[in-house]
Structures are given as structure tokens and as C-alpha cells.
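Please look at the sequence and the fold together before reading on. The report below is meant to be read beside them.

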Amino acid sequence: YHETDDINIAGAYRPDEAVDIYDRLGDGYHIGNAIPGEWYEYTVNVESAGEYIMNTYLASIQGGGKFRVKVGEIESDTLTAPSTLSALNTDTVSAIINLNAGEQIMRFTVISLPLFNIDKIVFESLNGVEVRESDNLLFTVYQNQDGELIILNDSNPSILLLQIYNITGSMVYSLTNPDIDLKISTTGMPSGIYIIQALSDKQKICRKIIINQR
């Protein structure tokens with residue numbers, strides 16, 4: 001790990017280590033006072049290579065702090081901590097990451113404030129999940145007259161994770177458990193082709209859309 005000071009302020013766990021570790025509601029611990037530039041490393045074993053959903057459990061009163069996760073040589077996009085209006089109650093930030101097999105180092109790097117607390121990271125394998133690019137759609141998407149993306153969930157099961165990627169493969173939007181009818185601002189998205197990816201518990205479906213900025 002890399003810490004900006006040598007004191008475990010909370011001292012709830014590993015008090016002789018510099019990382020600030022707090023008790024979390026009596027059922028575990030979390031890392032607090034995550035300052036930009038700090039990082040934490042863990043040894044992980046990826047049993048099989050492939051796509052995984054990376055679910056990061058965070059708590060933040062204000063939200064908006066930035067972080068990245070790197071496993072071996074594979075690094076996530078820069079992700080944003082949600083506002084949970086609490087330093088203890090968590091919400092998840094999810095991303096799809098392609099991992100190599102074997103034992104490797106996972107590094108969590110804090111990029112920017114506001115402060116957030118880190119509970120845990122859970123990886124779910126997408127191996128065996130059906131991927132479709134057909135007319136049997138999980139959702140309908142179009143751009144309205146105001147330039148917003150309108151996404152309508154057409155079927156059951158519902159969408160668990162919705163992500164938007166630009167043509168270079170960089171993720172520009174991610175939302176866990178979106179509403180059935182979703183309206184997304186395209187502010188900051190240049191005109192061009194985008195990939196919208198929706199994941200249910202049984203399948204992953206990709207759609208292409210052209211976003212036009214008026």
C-alpha cells in the first residue's frame with residue numbers, strides 16, 4: 001500500500017499498519033480517508049480468463065470521488081464513487097473487465113476527491129452468459145429531440161447493468177439496476193457511434209447507436 005501518513009487513524013483492524021481501517025456496522029471493516037495518490041494492493045487468483053463484472057462496494061456522503069482498479073496488466077476505466085449519504089452504508093459501482101487467468105496483483109488507486117470509503121470488491125464471471133446482437137432485444141434505445149438517449153426495458157428479466165462505450169472502447173456511462181424507462185444526457189459525448197451494453201442475469205446484449213449533437 002501507499003499512504004500519505006504513517007498512522008492508522010481508526011485502528012479498528014491492523015492498528016500497526018498505516019492504512020486507515022474502520023469498523024463497518026459490526027460485520028466487517030472498510031478503508032476510510034482515501035486520499036488521491038494512495039493505493040492498496042491485494043494478491044488475487046483468477047481461476048479462468050474471461051469477462052467479469054467488477055462490483056466495487058463504496059460509501060460516500062457526497063459522492064464523486066474517482067478511482068481505478070488494475071488486475072495484473074488489465075486496468076479499468078476511471079470510475080466514480082456514488083453518493084450514499086452515509087460513511088457506512090454502501091452502494092456498488094460496476095464495470096466489465098477482461099481478466100487473465102492466474103495469481104496476480106490487484107491494485108486499487110484513489111484518483112480524486114471527494115472522500116469515499118472502500119468496503120469490498122466482488123467479481124462475477126460472465127463466462128457462459130449469452131451474448132446477443134440480434135433483433136431479440138432486451139431494450140429499445142433512441143435519441144429524442146432534446147438530444148437525450150431514451151432507453152426502454154422491453155422484457156423480463158430486467159437489466160442489471162447498463163454501460164455505454166464510445167467507438168474507441170472507452171466507457172462513458174455506467175449504471176447498476178437502471179429504471180425501466182431511462183433518460184440519459186449526452187452532454188460531453190461527441191457525435192459518433194456508441195455501443196450500448198445491457199446485462200441481465202441470463203444474457204448480455206449489445207446495440208449500436210449514432211449520437212448526433214445538434
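This is a predicted model: local features need pLDDT of at least 70, side-chain atom pairs count only at pLDDT 80 or more; totals for chains, interfaces and linings use all residues.

Residues are numbered from 1 along each chain as its sequence is written, and side-chain values use heavy atoms, with hydrogens and water left out.

**Strands and their pairing**

Strands here are DSSP runs of type E with at least two residues, numbered from the N terminus. Two strands pair if DSSP finds at least two bridges between them. Strand β3 runs antiparallel to β9, and eight bridges join the two. Within this pairing, tyrosine 42 has methionine 106 of β9 as its bridge partner. Strand β9 also pairs with β5, again in the antiparallel sense, over six bridges. Valine 69 stands opposite phenylalanine 108 of β9.

**The nonpolar cores**

A nonpolar core is a set of buried Ala, Val, Leu, Ile, Met, Phe, Trp, Tyr and Cys residues joined through side-chain atoms within 4.5 Å. Buried means under 20% relative accessible area, exposed means over 50%, and partly exposed lies in between, for a 1.4 Å probe and protein chains only. In soluble globular proteins, nonpolar side chains tend to be buried together.

The largest nonpolar core of this model has 30 residues, and those with the most contacts inside it are Tyr40, Leu58, Phe67, Phe108, Phe116 and Ile118. At least two core residues come from each of β3 (39–46), β4 (50–59), β5 (66–71), β8 (91–99), β9 (102–112) and β14 (161–166). Strand β8 gives the largest share, five residues. A second, separate core has 16 residues, including Ile151, Ile164, Met189 and Ile211.

Contact means heavy atoms within 4.5 Å. When residues up to four places away in sequence are not counted, leucine 58 touches, among others, Phe67, Phe108, Phe116 and Ile118.

**The largest pocket**

On a 1 Å grid over the protein atoms alone, a pocket is an open set of points where a 1.4 Å probe fits, with protein on both sides within 12 Å along at least five of seven lines; lining residues have an atom within 4 Å of a point. Grid points are joined across faces, edges and corners, and a volume is the space filled by probe spheres set on the points. The largest pocket holds about 470 Å³ of space. It is lined by 18 residues, of which Arg14, Ile21, Ile31, Tyr40 and Tyr42 are the closest to its centre. Two or more lining residues come from each of β2 (29–31), β3, β9 and β10 (117–125). The largest share of the lining, four residues, comes from β10.

**Backbone features**

Arginine 14 lies in the segment before β1 (21–23), and its phi is near 45°, a positive value in a residue other than glycine. Asparagine 33 is placed in the loop between β2 and β3; its phi, near 55°, is likewise positive in a residue other than glycine. The peptide bond from leucine 113 to proline 114 is cis, with omega near 5°, and proline 114 belongs to the loop between β9 and β10.

**Accessibility of selected residues**

| Residue | Relative accessible area | Class |
|---|---|---|
| Arginine 14 | 52% | exposed |
| Asparagine 33 | 23% | partly exposed |
| Glutamate 75 | 42% | partly exposed |
| Glutamine 104 | 12% | buried |
| Threonine 109 | 18% | buried |

Glutamate 75 is part of strand β6 (residues 74–75). Its side chain makes a polar contact of 3.2 Å with the side chain of arginine 68.

Glutamine 104 lies in strand β9, and a polar atom of its side chain is 2.9 Å from the backbone oxygen of glycine 102. Apart from its neighbours within four places in sequence, glutamine 104 is in contact with residues including Tyr42 and Val71.

Threonine 109 is also placed in strand β9. With residues up to four places away left out, threonine 109 touches Glu38, Trp39, Lys66, Phe67 and Arg68.

Key: A polar contact is a pair of N or O atoms within 3.5 Å; within protein, one must be able to donate a hydrogen and the other to accept it, and residues adjacent in sequence count only if both atoms are side-chain atoms.
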